[in-house]
Amino acid sequence: MSKILVVDDSPTTLKMVTKTLATTGHHIITAGDGEEAVQKAETEHPDLMVLDVVMPHKNGYQVCRQLKTNATTKNIKIILLTSKDQQVDRFWGMKQGADAYITKPFEEAELLATVTKLL
Amino acid sequence: MPKKLDPKMLASFVQEAHSYLPQIRESLETFQRDATQREVLEEALRYTHTIKGASVMVGLPVLSHMANYAEGTLEEMVTGQRAMDTACSTWLQQTMDQLEHYLDDLLSGDMQQQALVAAVVQSFRRFKNLPEAGDMAAL
């Protein structure tokens with residue numbers, strides 16, 4: 001069983017993503033903003049993160065960049081899950097070191113397949 | 001309206017979106033009084049973006065589209081492409097009222113969606129100096 005950290009400032013979106021991922025049997029933990037995401041990534045050592053982009057305190061790009069340049073967190077797989085759907089957003093997200101980029105509204109099958117592929 | 005809305009998620013979303021609207025309004029009023037306070041504008045943009053993202057997740061693409069209008073305008077202001085003049089402030093506050101109206105209608109089940117969306121689209125196109133026709137077909 002792997003540990004997945006889901007990060008989103010919207011409680012509703014957080015519930016929906018968590019509900020989808022609960023079907024995988026993995027252990028799911030959550031964070032509501034960028035700073036909490038970094039703190040939980042460092043203390044909880046998740047195997048994978050599903051990370052929103054537009055959030056308070058630190059945005060998802062900043063979180064991704066910070067974790068991927070830190071020796072203790074760089075191996076955490078990161079899926080950016082966002083409603084920023086322009087090509088330039090995707091390009092910028094992947095440039096920060098993300099392993100995958102999915103736009104909202106996501107297809108459950110796509111999210112689950114991406115999680116399976118990365119773990 | 002999508003065929004299948006999860007009532008629990010919908011209730012969660014309505015409560016969440018309702019909590020953001022007063023904060024967006026307050027941020028807009030603060031920025032109108034003092035344009036040096038860019039952080040409040042960024043906060044309004046973030047809340048609006050969250051409404052846009054969460055609404056499409058729970059199956060309300062029309063509401064998401066309405067929020068997208070406001071987000072685009074706020075983004076123009078944050079990046080300095082648009083100033084907060086009276087027309088802009090009035091339109092944004094009016095759009096927040098319409099978003100709130102939509103949420104209230106969702107809760108009451110008394111959905112006058114088409115009329116509300118038409119009003120939002122028309123006011124947006126007027127605000128942007130676009131021809132009145134357009135967008136409705138897509139919605």
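Tutor: Let's start with a term: two residues are in contact if their C-beta atoms, placed from the backbone, lie within 7 Å. What you're looking at is a predicted model, where local features need pLDDT of at least 70, side-chain atom pairs count only at pLDDT 80 or more, and totals for chains, interfaces and linings use all residues. Residues are numbered from 1 along each chain as its sequence is written, while chains are lettered from A and ligands numbered from 1 in the order in which they are written.

Student: How do H1(A) and H1(B) lie relative to each other, roughly parallel or roughly antiparallel?
Tutor: Helix H1 (residues 11-22) of chain A packs against H1(B) with the axes 8 Å apart and an angle of about 155 degrees. Axes here are lines fitted to C-alpha atoms, for helices over the stretch in contact, and angles run from 0 to 180 degrees between N-to-C directions. Angles under 35 degrees count as roughly parallel, over 145 as roughly antiparallel, 65 to 115 as roughly perpendicular and the rest as oblique. So H1(A) and H1(B) are roughly antiparallel.

Student: Which residues of H1(B) meet H1(A)?
Tutor: By class, this helix pair's contact has four nonpolar, two polar and two charged residues. H1(A) puts in A:Pro11, A:Thr12, A:Lys15 and A:Met16, and facing them in H1(B) are B:Met9, B:Ser12, B:Phe13 and B:Glu16.

Student: Moving on to chain A, what is its radius of gyration?
Tutor: Chain A has five helices and five strands, in the pattern β-α-β-α-β-α-β-α-β-α. The radius of gyration is taken over C-alpha atoms, and the globule rule is 2.2 Å times the number of residues to the power 0.38. That rule gives 14 Å for 119 residues, and chain A comes out close to it, so it is as compact as a globular protein of that length, with a radius of gyration of 13 Å.

Student: Which strands are at the edges of its sheet?
Tutor: Two strands pair if DSSP finds at least two bridges between them. The five strands make an open, parallel sheet in the order S2-S1-S3-S4-S5 (chain A). Each edge strand pairs on one side only, and these are strand S2 (27-31) and strand S5 (100-103) of chain A.

Student: Which strands does H5(A) lie across?
Tutor: Helix H5 (residues 108-118) of chain A runs at about 170 degrees to S5(A).

Student: Which peptide bond is cis?
Tutor: Go to the loop between S5 and H5 of chain A, where you'll find A:Pro105. With omega near 0 degrees, the cis bond is the one from A:Lys104 to A:Pro105.

Student: Is A:His45 buried, partly exposed or exposed?
Tutor: This residue sits in the loop between H2 and S3 of chain A, and its phi is positive, near 50 degrees, though it isn't a glycine. A residue is buried if 20 or more other C-beta atoms lie within 10 Å of its own, exposed if 12 or fewer, and partly exposed in between, with C-beta atoms placed from the backbone. A:His45 has 13 C-beta neighbours inside 10 Å, so it counts as partly exposed.

Student: And B:Thr90, buried or exposed?
Tutor: B:Thr90 is in helix H4 (residues 86-108) of chain B. Because 12 other C-beta atoms lie within 10 Å, B:Thr90 is exposed.

Terms used
Helices (H or I, at least four residues) and strands (E, at least two) are DSSP runs, numbered from the N terminus. Ala, Val, Leu, Ile, Met, Phe, Trp, Tyr, Cys and Pro count as nonpolar, Asp, Glu, Lys and Arg as charged, and the others, Gly among them, as polar.
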